[in-house]
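Please keep the sequence and the three-dimensional view at hand while reading.

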Amino acid sequence: QVQLVESGGGLVQAGGSLRLSCAASGRTFSSYAIGWFRQAPGKEREFVATISWSGSSTYYADSVKDRFTISRDNAKNTVYLQMNSLKPEDTAVYYCATRILGGSYSYRSSLGYNYWGQGTQVTVSS
């Protein structure tokens, strides 16, 4: 089992930056691809970015491409989400999750992830 804890959220003005961290416990963390999702009030949880177990492959939602960067440090059991040029529409609770090994769902679907953190709030003011 893997436990995930997100941190780094907060209040920032539009155009600003934040770096989220997803710290994991468990020896098998480096075996998992990790995804970031977000959920705004009254909206469904949506895919933001994912990174392969080695860090060699990354994918992004179109809405965050060229603004957000996902990375990982397996030695520290941590995945990061660097968020630049933030917009008010980026306001949401951000979650990280482990992708199900050998799963058949698209990396964009939350159904393809099993262990989730508790989330961290990001608020972008205009």
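Glu6 is buried and yet has no salt bridge, the nearest side chain of opposite charge being that of Arg45, 7.5 Å away. Buried here stands for under 20% relative accessible area, exposed for over 50%, and partly exposed for what lies in between, with a 1.4 Å probe and protein chains only. A salt bridge is a side-chain nitrogen of Lys or Arg within 4 Å of a carboxyl oxygen of Asp or Glu, and for charge, Lys and Arg count as positive and Asp and Glu as negative, while His and the chain ends are not counted. This is a predicted model, in which local features need pLDDT of at least 70 and side-chain atom pairs count only at pLDDT 80 or more, whereas totals for chains, interfaces and linings use all residues. Residues are numbered from 1 along each chain as its sequence is written, and side-chain values use heavy atoms, with hydrogens and water left out.

What does the side chain of Glu6 reach? A polar atom of this side chain lies 3.0 Å from the backbone nitrogen of Gln118, and the side chain also reaches the backbone nitrogen of Gly119 at 2.8 Å.

Glu6 has its place in strand β1, and Ser21 is found in strand β3, which covers residues 18–25; strands (E, at least two residues) are DSSP runs numbered from the N terminus. With a relative accessibility of 16%, Ser21 counts as buried, and apart from residues up to four places away in sequence, its contacts include Val5, Glu6, Thr78 and Tyr80.

The next step is the sheet. Four strands form an open sheet in the order β1-β3-β8-β7, with antiparallel pairing, where two strands pair if DSSP finds at least two bridges between them. Because β1 (3–7) and β7 (68–73) stand at the edges with a single partner strand each, one side of each is left without a neighbour in the sheet. Between β7 and strand β8 (residues 78–83), the antiparallel pairing runs over six bridges, and the bridge partner of Ile70 in β8 is Leu81.

Two loops next to these strands deserve a look. Asp66, placed in the loop between β6 (58–60) and β7, has a phi near 75°, a positive value in a residue other than glycine, and at 80% relative accessibility Asp66 counts as exposed. Ser85, placed in the loop between β8 and β9 (92–99), likewise has a positive phi, near 50°, and is a residue other than glycine, but at 41% relative accessibility Ser85 counts as partly exposed.

Finally, consider two further strands. Gln13 is found in strand β2 (residues 10–13) and is exposed, with a relative accessible area of 59%. Although Gln13 and Thr123 are 110 residues apart along the chain, their C-alpha atoms are separated by 8.3 Å, and beyond its neighbours within four places in sequence, Gln13 is in contact with Val124 and Ser125. Ser125 belongs to strand β11 (residues 120–125) and counts as partly exposed at 27% relative accessibility. Leaving out residues up to four places away in sequence, Ser125 touches Leu11, Val12, Gln13 and Ala14, while the C-alpha atoms of Ser125 and Asp90, 35 residues apart along the chain, are separated by 9.8 Å.

How values were computed. A polar contact is a pair of N or O atoms within 3.5 Å; within protein, one must be able to donate a hydrogen and the other to accept it, and residues adjacent in sequence count only if both atoms are side-chain atoms. Contact means heavy atoms within 4.5 Å.
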